[in-house]
Amino acid sequence: MAPSRTSLPLALMVILLVSSLRSLYATSELDPYKILGVTRSASQTEIKKVYKRLAKEWHPDKNKNPEAEDMFIKITKSYEILSNEEKRASYDRYGQTDDTQHYGHGHYGQRHDNFYFDESFFNFPFNSKNNRDFADSKFTLHFNQYVNDVVPDSFKRPYLIKITSDWCFSCIHIEPVWKEVVQEMETLGVGIGVVDVGYERRLANHLGAHRTPSILGVINGKVTFFHYAVSKEHLRQFVEDLLPQRLVEKVTDRNDLQFLNNWHELNKPHVLLFDQVPAVPLLFKLTAFAYKDYLQFGYVDQGLTETANLLKRFNINTYAPTMLVFKENIDKPADIIQAKGMKKQIIDEFMSNNKFLLVPRLVSQKLFDELCPVKQFHRRRKYCVLLITGDEETFSFGNQAFLSFASSNTKEVVRFAYVYQRLQQPLSDILMQNKDSTPSAPPQVVILERRNAAGKVFYKPVTAWNGSEEDKQRLLEELDKLQKDPSILVYDAMLPELNNEFASMFLIRWIYASYDYLSEVIDDILHNNWREMMPLLSLIFSALFILFGTVVIQAFSDSSEDKQTKPKAKDGTKAENGSPGMSSTSSRPPKKSFVEVTELTDITYTSNLVKLRPGHMNVVLVLTDATKNILLSKFAKEVYSFTGSLTLHFSFLNIDKHSEWMNTLLEYAQDAMQIDTDREEGSSHKMDYTGYVLALNGHKKYLCLFKPVYTGEDLDSKSSEEEGGATAGRSRSSSRDDHPPRKSNRSRSISTLQIHHKLDRLGLWMERLMEGTLPRYYIPAWPGLDKITANK
């Protein structure tokens, strides 16, 4: 028993010793300072410089050393640690960081909270960068890399991205399928990416990936999630569905001429692929997406009887796929390629050599930059021979002659192009030197060389172009001189940016983009991708709630207004006693269904005026016994819509009883209002205040005055609503001087209609009163109503 007791502690000591040695070995191997070969005091500039050198030296694509892959990973991870101040400080303090725990060989463990797991003990195939296939490391994406490289590149090719993480059991099951799909898609030109959530949480959140494993596609900067079972066929179909639906047109004997004749309208060469499979090959679709801005693509199914004439017309070999490029001549292809199992590199080279027509039309600044690049070196000079012409039928002969001349050109440094003067007028005015730049001017040939991206060019007008043999000979001589002596371009100018002639097609592109977006939304809804759909659903429901609430409120508002505006039989009786028959046009909701108008007497004088609460006003109508019923009815109708205000009170004053109070009040405010109260010496005429309205603020002791629109004294004149202007006062005085005083019974001779129109503009005056824009006339004190003798 003694040996067994002795062997147990000895075994424990051996295990601890081995573990310590492993820990020391792992620490030494993961020391980022030793891997990069820098000191602990090295600056960020030194670390970055060393990292670039080592990354270039140990990159697996350039270094064939078997250890290059592992060394490249260590160099990259060491730089990530030392370039981040927080991670570097953590490593200097504790000898490890969250990142160094995950890298190195499998015989050191990983810390999770307070537990230490030895991966070799559990023999898990994940959570180790050394065990992870280098293919994933090769395609690893970082946030800046995705934003700066992947998103712009997604407008030329789609990307297939896998979202993974450490300790992801499900990720292991899809690895074989993923590797097989990656191997196939990469050869077709599809971009591949891998995002590790543990190290790129920011990028995962940016993509909207909240679970692992996830697979998504990126095209035209838009993210689409894969929802089906992970299989090679499903992923292949997913990539194909990412591409726009109108990339490749099916061409048969019925539409071949229409397809090929579009070169002039679209300003693009046309590509035809002949193959025996019914569906368009994915490689051809990807090529069409990459070159969609330069070429138009069509597909001919050789197995259809509707394509027999096309096969016979172009002598197509049915045993191998054939690709034809047509430019200005639709009867004869400009280039041809035929091979079994076409590779992407061969197709790309074929497309790059045929991106432009023989004589393309300059329709945008982008095309101008590619056809006529800026001079960079003396030996790489590019000259553009530009024909400035018109699009009318009369110019067709000269345009065809220019195309014929360009087709026979063998000089690689010369590019031929043309512009329509009507569509590119600013450019034409400069190059034609404003001699005759009208649309009916003869075509002009100009040779130019671009000197910088700002628009500076050297150029020379060669000849007025009619397409004759003399014109061709003169142009040929100028090109020969140019090759020997570039200094013949004697003119220089700053060219403006070209108009985008296809800008009108933006609406069509927007409709197509909207269709694709709606398709994606429907697809997300069908697959219950609720987490990604929550922002959009929230926006939709918010908009519907606001719209529904607005409609309901408007409906109730309209119904209440309809009820209030319906005339009733008994409204006329109420109006005569101070109630309205209908509402005004004001938008303020009435507080009551009637207008409460009280008479201002010595009993109600104190409560309704003198001791009126601060902020409250009393609107007082001045009337007589004879005009009481008519004016009260009109007054109620005009002020009814303002009864919703809690600060307004309505009263009437009988001027037959309290004329002295009215005169005294206006005398107090006479200096401010500049009103002539008609109290001239020797004059027995009294001022007629019938129809006046006073807005009285009892607390602040000021008033606002409304004067009738139609006074009844002069049938040919109407005074506007004013508040005591001097001009109005003088005009009424002069009017009374010209006309003799009326008899005492003149009020009876005034028609009811004239009295009714006195308050026609009271509603507008009330609006201004509520807005606070009426002049205010302050008085020292309110005259006492009880001390004045009744004037009746």
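At 25% relative accessibility, aspartate 70 counts as partly exposed. That label covers the range between buried, under 20% relative accessible area, and exposed, over 50%, using a 1.4 Å probe and protein chains only. The model is predicted, so local features need pLDDT of at least 70 and side-chain atom pairs pLDDT 80 or more, while totals for chains, interfaces and linings use all residues. Residues are numbered from 1 along each chain as its sequence is written, and side-chain values use heavy atoms, without hydrogens or water.

Aspartate 70 has a partner. Its side chain meets that of lysine 74 in a salt bridge, 3.4 Å from N to O. Such a bridge needs a side-chain nitrogen of Lys or Arg within 4 Å of a carboxyl oxygen of Asp or Glu. Lysine 74 is buried, at 14% relative accessible area. Helices here are DSSP runs of H or I with at least four residues, strands are runs of E with at least two, and both are numbered from the N terminus.

The structure holds 23 salt bridges. Some reach further along the chain. Aspartate 369 and arginine 450 meet at 2.7 Å, N to O. This pair links distant parts of the chain: aspartate 369 lies in helix H17 (residues 365-371) and arginine 450 in strand S14 (residues 444-450), 81 residues apart. Arginine 450 is buried at 4%, whereas aspartate 369 is partly exposed at 34%. Elsewhere, Glu180, Glu184, Lys232 and Arg236 form a network of salt bridges.

Now turn to the sheets. Strands of a sheet pair through backbone hydrogen bonds, either parallel or antiparallel. Here, two strands count as paired if DSSP finds at least two bridges between them. Strand S8 (residues 270-275) and strand S10 (residues 322-326) are antiparallel, with five bridges. Leucine 273 stands opposite methionine 323 in S10. Angles run from 0 to 180 degrees between N-to-C directions, with axes fitted to C-alpha atoms, for helices over the stretch in contact.

A second open sheet has six strands, ordered S17-S19-S18-S20-S21-S22, again with mixed pairing. Strand S17 (597-599) and strand S22 (777-778) are its edges. Strands S18 (residues 617-623) and S19 (residues 648-654) run parallel, joined by seven bridges. Leucine 623 has asparagine 654 as its bridge partner in S19. Helix H25 (residues 628-639) packs on the sheet, at about 150° to S18. Helix H26 (residues 659-668) lies across S18, S19, S20 and strand S21 (702-706), at about 65° to S20.

Finally, the interior. A nonpolar core is a set of buried Ala, Val, Leu, Ile, Met, Phe, Trp, Tyr and Cys residues joined through side-chain atoms within 4.5 Å. The largest has 64 residues, of which Leu160, Phe297, Met323, Met351 and Leu431 touch the most other members. Helix H14 (residues 282-290) gives the most to this core, with six residues. Another core lies apart from it, with 28 residues, including Leu621 and Phe642.

Notes. Contact means heavy atoms within 4.5 Å.
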